[in-house]
Amino acid sequence: MNIDAKYHPTPEQLEGFAQGTLSPGMNVVISAHVELCAICRKSVSELEEAASEEWLRSTPDRRASSINFSAMIDSIVDHPQIKGDRTTADSVSEIHMLDHSVTLPRALAKVASDGLVWRQLAGGINQATVTLDGQTQCEFLYMKPGSQVPVHKHQGNEVTLVLDGSFEDELGHYKPGDFVVRTAKDLHRPASEEGCLCFAVMDSPLTFTKGLARLLNPFIRYRFRRATSAAAH
Ligand SMILES: [Zn+2]
């Protein structure tokens with residue numbers, strides 16, 4: 001699967017991904033984008049190459065000569081769970097929406113493979129939360145055609161990967177493969193005219209800023225704490 005995405009992870013996020021320093025939740029969503037996006041795939045492989053050269057440079061010669069690196073790398077590459085993880089090979093799984101099916105990038109197919117429990121939220125939004133670690137809240141979001149999320153801002157970072165359909169906010173219109181990054185400074189109001197399936201990762205709870213939706217804030221914070229503490233056990 002290859003998509004011409006217009007919005008990509010930040011250079012810092014790609015670097016963290018290549019170096020393996022991100023939380024599992026952030027790792028999954030970037031991995032899914034990288035699977036779809038040839039530009040980021042190239043950046044990541046260059047970053048990985050630079051990191052491994054740096055590692056080899058920092059390893060004293062006597063140790064380097066005593067290890068058979070090519071055998072070691074072959075054994076890592078041959079590992080069934082890792083093999084082909086960041087290639088362009090076909091995805092393996094679909095997610096079934098009300099009226100059609102969407103093929104998922106493999107990183108997300110794995111996440112969804114345990115089964116998703118969808119909950120209906122206000123405004124035509126459906127949500128299926130998945131717990132990947134203790135630092136992030138991850139969810140599949142399905143926005144029905146014509147739906148709108150209340151205005152909100154974030155206490156941390158939120159990234160959203162569009163999987164099917166499209167959505168828009170004050171800053172742009174986002175299509176499949178687009179990787180939308182919002183930070184604590186941003187106030188936004190996503191809406192979807194044609195309907196949209198996304199995967200979103202938040203590193204802290206979001207805060208609604210207007211009207212009745214504000215009443216949800218304590219509940220959201222509670223749910224986030226519960227989701228993250230569940231992951232910690
Ligand atoms: Zn990209």
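Predicted model: local features only at pLDDT ≥ 70, side-chain atom pairs only at ≥ 80, totals over all residues.
By buried I mean 20 or more other C-beta atoms within 10 Å of the residue's own, with 12 or fewer being exposed, anything in between partly exposed, and C-beta atoms placed from the backbone.

Residues are numbered from 1 along each chain as its sequence is written.

Back to helix 2: 12 of its 13 residues are buried, so the rest of the structure largely encloses it. Helix 2 covers residues 24–36 and reaches 19 Å from first C-alpha to last, close to the expected 18 Å (that's 1.5 Å times one less than the number of residues). For the chain, buried residues make up 29% of the 233 residues, and there are 7 helices and 15 strands.

Next, a packing question: at what angle do the axes of helix 1 and helix 3 cross? Roughly 55 degrees, with the axes of helix 1 (residues 11–19) and helix 3 (residues 38–58) coming within 9 Å. Axes are lines fitted to C-alpha atoms, for helices over the stretch in contact, with angles from 0 to 180 degrees between N-to-C directions. That makes helix 1 oblique to helix 3; under 35 degrees is roughly parallel, over 145 roughly antiparallel, 65 to 115 roughly perpendicular, and the rest oblique.

Who makes the contact? On helix 1, Leu14, Glu15, Phe17, Ala18 and Gln19; on helix 3, Cys40, Ser43, Val44, Leu47, Glu48 and Ala51. Contact means C-beta atoms, placed from the backbone, within 7 Å.

Last stop, Ala191 in strand 13 (residues 191–192). Ala191 counts as partly exposed, with 16 C-beta neighbours inside 10 Å. Leaving aside neighbours within four places in sequence, Ala191 is in contact with Ser147, Gln148, Phe167 and Glu168. His173, in strand 10 (residues 172–174), is 18 residues from Ala191 along the chain, and their C-alpha atoms are separated by 9.6 Å. His173 is exposed, with 11 other C-beta atoms within 10 Å, and it touches Ser166 and Glu168, not counting residues up to four places away in sequence.

Technical notes:
Helix = DSSP H or I, 4+ residues; strand = E, 2+ residues; numbered from the N terminus. Contact = placed C-beta atoms within 7 Å.
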